[in-house]
Amino acid sequence: MSPDEWKRELEATAPELARELKTKKEPEKGLPELPLDGRSVVMRFAPNPNGPPTLGSARGMVVNSEYVKKYDGKFIIRFDDTDPQTKRPLLEAYQWYLEDCEWLGAKPHEVIIASDRIPLYYEFAEKLIQKDGAYVCFCEQEEFKNLKDAKRACPHREQGVEKNIGYWKKMLAGDYGEHEAVLRIKTDITHKDPAIRDWVAFRIIRTPHPRVGDKYVVWPLLDFESAIEDHLCETTHIIRGKDLRDSEERQKYIYRYMGWTYPKTLHWGRVKILEFGKLSTSGLKKAIAEGVYTGWDDPRVPTIRAIRRRGIQPEALRKYMLDLGMGETDISMSMDGIYAENRKLVEPMSNRYFFVWDPVELEIEHAPSVVSKPPLHPSDSRGVREIQVDGRVLVCRDDVARLEPGARLRLKDLYNIEVTCMEPLRARFIGADIDTVKREKLRIIHWAPVDGIAVRVLSPDGEFKGIGENGIRNELHRIVQFERFGFVRIDSINREVVAYFTHD
RNA sequence: GCUCCGAUAGUGUAGCACGGCCAAUCAUGCGAGACUCUCACUCUCGCGACUGGGGUUCAAAUCCCCAUCGGAGCACCA
């Protein structure tokens with residue numbers, strides 16, 4: 001039977017089903033629904049504050065907080081700062097995370113700092129030992145790995161609850177050095193996935209913690225701390241990178257010992273940003289220390305602080321992050337998408353100005369003394385700029401390169417000229433009417449007054465130096481468009497204007 | 001080596017749980033044009049994808065198997 005015949009057959013026997021065939025399934029908008037179990041939604045974003053939030057962090061902030069908004073739940077930011085050594089927290093970063101969250105419209109309802117709650121973790125560790133769900137292990141790393149790979153238990157695994165309690169107390173008392181003892185969670189030493197077998201919950205670190213100093217020498221690892229916190233906070237849904245997929249399986253052993261219910265989990269893939277390549281937090285830290293970048297908000301760096309300084313609007317970033325969805329595939333995203341969103345937001349609000357980079361002076365013979373009055377915005381009538389011109393202006397070297405003697409062109413919003421000499425650059429005035437421009441299809445270039453203000457634009461691709469019109473002085477901290485150049489955010493105005501490039 | 005996962009246009013995404021509405025959605029990108037005293041914005045038109053091979057079925061992007069490619073974990077990092 002052909003599909004057509006099949007349809008006719010269905011039409012005859014069950015017309016209501018045939019109708020259903022014709023109605024289009026409407027596509028779901030926005031984030032996919034979360035599986036709910038009647039409890040009110042609690043989600044958390046759990047960064048390690050060992051550097052400022054990056055574009056990658058933005059995804060965690062936006063998506064978690066968006067879900068919480070959607071279900072009217074609770075959003076927690078939790079600082080997983082339990083490693084004073086390898087991933088040492090940066091004291092300022094705690095505040096940076098909070099600032100960037102707020103800026104992104106992802107203000108948390110609660111802030112939890114793991115390093116404040118170490119004694120709490122100790123309590124649960126002891127409970128687990130009592131339940132024979134954890135043991136103190138004295139094996140060397142190599143030694144344990146070999147046993148684990150062979151699915152064999154180490155000698156400490158069955159030493160008994162009493163001994164474990166004793167050893168644990170000694171650990172806490174500081175009786176052991178680093179690497180001498182760890183607390184392991186008893187899972188299944190023959191588990192088919194080697195990543196699950198008797199993992200470490202606590203280790204000894206003598207390096208002082210930036211926040212709490214040398215108060216503790218026994219520090220939990222992520223899986224332990226996270227497992228306990230997610231239960232205490234009544235987290236209902238966890239979104240984590242797929243690199244942490246095994247965490248769920250590991251942590252579930254604790255949940256089983258304690259009789260708790262594990263939150264629902266979702267995973268997403270890695271995000272690579274084309275324009276920034278592979279810049280790790282530690283790599284950036286090093287480059288900044290070496291002076292390659294000026295700081296964590298250098299326009300060449302993929303931190304939220306940096307793109308914020310460049311004038312990216314939080315709504316643009318939010319929308320883009322939401323559009324990325326919840327896929328488990330690795331993503332290589334391009335800043336183009338963010339720029340496109342941003343351009344729509346910024347275009348209507350940005351005043352226009354002339355900025356001439358790499359300027360060349362142009363003298364115009366027989367030019368009248370005039371005041372040019374270009375509009376502040378091309379379509380939205382909000383007034384004009386006023387620029388006095390007396391026969392001399394600055395133009396871009398790029399534009400000059402395309403000229404030759406005899407070339408006729410329009411100086412935008414000023415008048416028409418004909419080039420008479422290239423070096424030095426001279427032209428003669430040939431009128432001011434715009435009709436000539438349209439009729440002859442003259443090239444239109446922008447210009448700047450010779451007494452304009454010095455402008456330096458910092459962009460991901462380097463620096464542009466030139467002269468801009470003086471009206472730019474009124475735009476501190478605002479986003480403007482430099483015509484035929486792009487959008488910039490005016491960062492500071494002193495002897496010169498410093499602008500951060502947003503996008504073109 | 002052992003364990004997982006994923007694959008739709010250049011990029012991102014919808015569709016896949018329940019096979020026909022899909023010669024496959026939307027956005028961005030790219031190309032052509034209109035508008036414009038900016039290379040911005042807006043508008044019109046166009047380009048461009050179901051990784052491959054088998055199987056099940058009247059019917060497969062959707063279900064099954066194999067292959068390929070990509071990613072992750074097996075840390076006293078997060």
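Trainee: Where does N48 sit?
Mentor: N48 is in the loop that runs between β1 (42–45) and α3 (55–71). Keep in mind that this is a predicted model.

Trainee: And what does the side chain of N48 reach?
Mentor: The backbone oxygen of K87, at 3.3 Å.

Trainee: Which residues is N48 in contact with, leaving aside neighbours within four places in sequence?
Mentor: D80, D81, K87 and Y97.

Trainee: Zooming out. How is chain A divided?
Mentor: Into domain 1 (131–219), domain 2 (271–346) and domain 3 (351–503).

Trainee: How many Å separate the centres of domain 2 and domain 3?
Mentor: 31 Å, taken over C-alpha atoms.

Trainee: And how many residues are in contact there?
Mentor: On the domain 2 side 13 residues, which touch eleven residues of domain 3.

Trainee: What area is buried between domain 2 and domain 3?
Mentor: About 1100 Å², and carbon and sulfur atoms give 61% of it. The accessible area lost when parts come together is often how the size of an interface is given.

Trainee: What about charges: how many salt bridges between domain 2 and domain 3?
Mentor: The count is one. The side chain of R309 meets that of D491, with 2.8 Å from N to O.

Trainee: How many residue pairs are in polar contact across that interface?
Mentor: Six, where both residues have pLDDT 80 or more.

Trainee: Which helices supply the side of domain 2 that touches domain 3?
Mentor: α11 (304–309) and α13 (335–346) each supply at least two residues of that side. The largest share comes from α13, with four residues.

Trainee: How do the residues on that side divide into nonpolar, polar and charged?
Mentor: Four are nonpolar, three are polar and six are charged.

Trainee: Staying with salt bridges, how many in the whole structure?
Mentor: A search finds 50. One of the pairs is D149 with K145, whose closest N and O atoms are 3.0 Å apart.

Trainee: Why are D149 and K145 about one helical turn apart?
Mentor: Because they are four residues apart in helix α6 (residues 141–149).

Trainee: New topic, the sheet. In what order do the seven strands come?
Mentor: The order is β21-β18-β19-β20-β14-β17-β22, in an open sheet with mixed pairing. β21 (443–445) and β22 (448–449) are the edge strands, each pairing on one side only.

Trainee: Do me the β21 end. Parallel or antiparallel to β18?
Mentor: Parallel: three bridges join β21 to β18 (residues 408–411). L409 has R443 in β21 as its bridge partner.

Trainee: Then β18 and β19, parallel or antiparallel?
Mentor: Antiparallel, over three bridges. R410 stands opposite N416 in β19. The two strands form a hairpin with four residues between them, and there D413 takes a positive phi near 60°.

Trainee: And how many bridges join β19 to β20?
Mentor: Five, with the strands running antiparallel. In that pairing I417 stands opposite F429 in β20. β19 and β20 also make a hairpin, again with four residues between the strands.

Trainee: Where is P424 found?
Mentor: In the loop between β19 (416–421) and β20 (426–431). The peptide bond joining E423 and P424 is cis, with omega about -5°.

Trainee: Back to backbone angles. What is the phi of D198?
Mentor: It is positive, about 30°, although D198 is not a glycine.

Trainee: And where does D198 lie?
Mentor: In the loop between β5 (182–185) and β6 (200–204).

Key: Residues numbered from 1 in each chain as written. Chains lettered and ligands numbered in written order. Predicted model: local features only at pLDDT ≥ 70, side-chain atom pairs only at ≥ 80, totals over all residues. Heavy atoms only, no water. Domains from an automatic or database assignment. Contact = heavy atoms within 4.5 Å. Buried area = accessible area lost by both parts, 1.4 Å probe. Salt bridge = Lys/Arg side-chain N within 4 Å of Asp/Glu carboxyl O. Polar contact = N/O pair within 3.5 Å; in protein donor to acceptor, adjacent residues only side chain to side chain. Nonpolar A, V, L, I, M, F, W, Y, C, P; charged D, E, K, R; others polar. Pairing = 2+ DSSP bridges.
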